[in-house]
Amino acid sequence: MSDRPLVAVLDYGSGNVHSAVKALVEAGADARLTADPGLVRDADGLVVPGVGAYRAVMEALRARRGDELIERRLAGGLPVLGICVGMQVLFEWGRERGVDTAGLGEWPGEVTQLDAPVLPHIGWNTVTPDPQSRLFAGLADERFYFVHSFAARTWELEVHDPFPQPALTWTTYGEPFLAAVENGPLSATQFHPEKSGAAGIRLLANWITGLRRATL
């Protein structure tokens with residue numbers, strides 16, 4: 001039996017999934033690209049990738065019942081990690097070129113176009129991790145790779161005691177926006193850890209370490 005946590009990478013037709021699988025394996029997971037509902041439900045961790053338009057990603061997720069699978073995992077307190085548009089769809093709404101699309105609604109708020117002189121935002125950028133962040137442990141002053149024009153520019157979820165406050169990591173391109181969120185079993189990054197070299201692998205390894213703790 002492998003001592004590597006089993007991570008399902010949700011296969012719903014999104015691009016760039018194979019690089020995510022490869023990075024997760026390098027970071028210490030038994031990573032499998034799958035749309036099998038049983039495997040998605042029972043895996044130690046689930047990664048939801050996403051590239052392209054918000055509406056297209058939501059339509060593809062719903063067509064494969066990915067929205068239901070994500071909701072069931074989170075209802076059971078099982079870890080989920082969203083990447084890029086896989087982070088954006090966790091919010092209530094996405095607004096692209098005047099079109100509003102309902103998201104998964106795990107977090108309140110909307111994803112809108114960045115106010116920046118040049119779009120898309122492509123390339124390396126530093127981030128400001130929350131002091132309570134586990135994803136960014138040991139990653140002070142590192143840079144991560146972004147490819148996007150839209151982002152969550154505000155955080156609207158109010159959390160009251162005894163529940164822990166989410167760890168919010170911000171960055172700036174034209175204006176501040178959320179680079180990552182850690183909220184109980186649900187985490188997400190706007191950047192691509194699988195394209196972020198050694199820093200991205202370390203971040204994924206930090207997430208996988210949390211999976212190991214959860215299964216002990």
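This is a predicted model: local features need pLDDT of at least 70, side-chain atom pairs count only at pLDDT 80 or more; totals for chains, interfaces and linings use all residues.

Q: Where is Cys-84 in the chain?
A: Cys-84 sits in the loop between β4 and α5. Its phi is positive, about 55 degrees, although Cys-84 is not a glycine.

Q: OK, zooming out. How many helices and strands does the chain have?
A: There are six helices and 13 strands. The radius of gyration is 16 Å, close to the 17 Å from the globule rule for 216 residues, so the chain is as compact as a globular protein of that length. The C-alpha atoms fill a box of roughly 50 × 40 × 40 Å along the principal axes.

Q: And how much of it is buried?
A: Of the 216 residues, 51% are buried. The chain exposes about 10100 Å², and carbon and sulfur atoms supply 51% of that area.

Q: Let's do sheets. In which order do the strands of the open sheet come?
A: The order is β6-β5-β7-β10, four strands with mixed pairing. β6 (99-102) and β10 (150-152) are the edge strands, each pairing on one side only. On average, neighbouring strands in this sheet are turned by 20 degrees against each other, ignoring direction.

Q: Do β5 and β7 run parallel or antiparallel?
A: Parallel: three bridges join β5 (residues 91-96) to β7 (residues 107-113). Trp-93 has Glu-110 in β7 as its bridge partner.

Q: And how many bridges join β5 to β6?
A: Four, and those two strands run antiparallel. Arg-95 stands opposite Asp-100 in β6. The hairpin of β5 and β6 has two residues between the strands, and there Arg-97 takes a positive phi near 50 degrees.

Q: Which helix packs on that sheet?
A: Helix α3 (residues 54-63) does, touching β5, β6 and β7. The direction of α3 makes about 30 degrees with that of β6.

Q: Which residues of α3 are buried?
A: Tyr-54, Val-57, Met-58 and Leu-61. They cover an arc of only 95 degrees around the axis, which puts them on the same side of α3. On the other side, Glu-59 and Ala-63 are exposed.

Q: Why would residues three or four places apart point the same way in a helix?
A: An α-helix has 3.6 residues a turn, so residues with that spacing point the same way.

Q: Nice. What covers the buried side of α3?
A: The cover for its buried residues includes β1 (6-10), α4 (66-75), α5 (85-88), β5, β6 and β7.

Q: What comes just after α3?
A: Arg-65, with a positive phi of about 60 degrees. Arg-65 lies in the loop between α3 and α4 and is partly exposed, with a relative accessible area of 48%.

Q: Switching to α1: which of its residues are buried?
A: In α1 (residues 17-27) they are Val-17, Ala-20, Val-21, Ala-23, Leu-24 and Ala-27. Seen down the axis, these buried residues fall within an arc of 165 degrees, so they line one face of α1. His-18, Lys-22 and Glu-26 are exposed on the other side. Just after α1, Gly-28 takes a positive phi of about 115 degrees.

Q: Now Phe-144: buried or exposed?
A: Buried, at 0% relative accessibility. Phe-144 is in strand β9 (residues 143-148). Leaving aside neighbours within four places in sequence, Phe-144 has contacts that include Trp-124, Val-127, Phe-136, Phe-191 and Leu-203. Phe-144 and Val-127 are 17 residues apart in sequence and 7.8 Å apart in space, C-alpha to C-alpha.

Key: Residues are numbered from 1 along each chain as its sequence is written. Side-chain values use heavy atoms; hydrogens and water are left out. Two strands pair if DSSP finds at least two bridges between them. Axes are lines fitted to C-alpha atoms, for helices over the stretch in contact, and angles run from 0 to 180 degrees between N-to-C directions. Contact means heavy atoms within 4.5 Å. Buried means under 20% relative accessible area, exposed over 50%, partly exposed in between (1.4 Å probe, protein chains only). The arc is that of the directions from the helix axis to the C-beta atoms. The radius of gyration is taken over C-alpha atoms; the globule rule is 2.2 Å times the number of residues to the power 0.38. Accessible areas come from the Shrake-Rupley method with a 1.4 Å probe; for residues, only the protein chains shown count as cover.
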